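Please consult the sequence and the model below while reading.

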Amino acid sequence: MLLHLSTWQEIEAFLQTSRTVVIPIGSNEQHGPTGLLGTDFLCPEIIAHEAQKRADLLVAPTFNIGMAQHHLGFPGSISLRPTTFIAALTDWTRSLVGHGFERLYFLNGHGGNVATIEAAFSEIYSAASFDRRSAGFALKLRNWWDLPGVMPLANRLFPTGHGAHATPSEIAVTQWAYPDAIKSANYAPQIAPNGPIREAADFRARFPDGRMGSDPGQATPEKGFQLVDQAAGELIREVEAFGNEERPG
Ligand code: NI
């Protein structure tokens, strides 16, 4: 069930049966010469949307802009500063919790978001802690590639040149969902260099075509489906377990 294609009455009825919601979260940023700018929000969205076709899950609109300051040297990248990202996450959470949601599962598609999302969780929980009361809700962050079995599958599909950014895994997932948007390019070198992540000018100088350690030329829609299939199945199991977690006290 997709929240944005539902009515408020349908959400009110859903809340009678479940207090859990899945929020795909990612980033809009360059992904090398063949990766779509939306790759990091499309991957968790594709996986969550597939999962809700297979099980009774509610999926919120995708939070599609994240912490991508280091990609701003490449046209089309859009970033929030960590402070505005935390403020926006706080408002999304308070909106959903206000309706009665008690388990908010964020399925993330961008490694650069992790530190800020965790800081946001601390900020959100702090409001309850300083008031010496129970928050009454729980927040969970999961990167889609950390769902059980996904990285082992990626390592089998792409034993070399997986890399850290514009990976063949994430490109394959978007190829499966958007076959009309598949791009091609000659990669030089075939496997991109690795290195640290700092600010945008440094990133562009180190990684001229935007890739980090990857050879996305290995991506195919069929490999993308294998990854989506594995991730969607594990997402369903995790979200159900999260929703059924025992409440303390
Ligand atoms: Ni990515």
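Glu50, Lys53, Arg54 and Asp229 are joined in a network of salt bridges, a salt bridge being a side-chain nitrogen of Lys or Arg within 4 Å of a carboxyl oxygen of Asp or Glu. The model is predicted, with local features requiring pLDDT of at least 70 and side-chain atom pairs pLDDT 80 or more, whereas totals for chains, interfaces and linings use all residues. Residues are numbered from 1 along each chain as its sequence is written, and side-chain values use heavy atoms, without hydrogens and water.

**Salt bridges**

By the rule above, the count is nine salt bridges.

| Pair | N to O distance |
|---|---|
| Arg54 and Asp229 | 2.9 Å |
| Glu102 and Arg247 | 3.0 Å |
| Asp209 and Arg211 | 2.8 Å |

The salt bridge between Arg54 and Asp229 links distant parts of the chain: Arg54 lies in helix α2 (residues 39-54) and Asp229 in helix α8 (residues 221-244), 175 residues apart. Helices here are DSSP runs of H or I with at least four residues, and strands are runs of E with at least two, numbered from the N terminus. Arg54 is partly exposed at 37% relative accessible area, and Asp229 is also partly exposed, at 34%.

In the pair of Asp209 and Arg211, Asp209 is partly exposed at 25% relative accessibility, whereas Arg211 is buried at 0%.

**Overall fold**

The chain has eight helices and three strands, in the order α-β-α-α-β-α-β-α-α-α-α from the N terminus. Its radius of gyration, taken over C-alpha atoms, is 18 Å, close to the 18 Å that the globule rule gives for 249 residues, so the chain is as compact as a globular protein of that length. That rule is 2.2 Å times the number of residues to the power 0.38. Along its principal axes, the C-alpha trace spans about 55 × 35 × 30 Å. Of the 249 residues, 51% count as buried.

Note on methods: Buried < 20%, exposed > 50% of the residue type's maximum accessible area, 1.4 Å probe, protein only.
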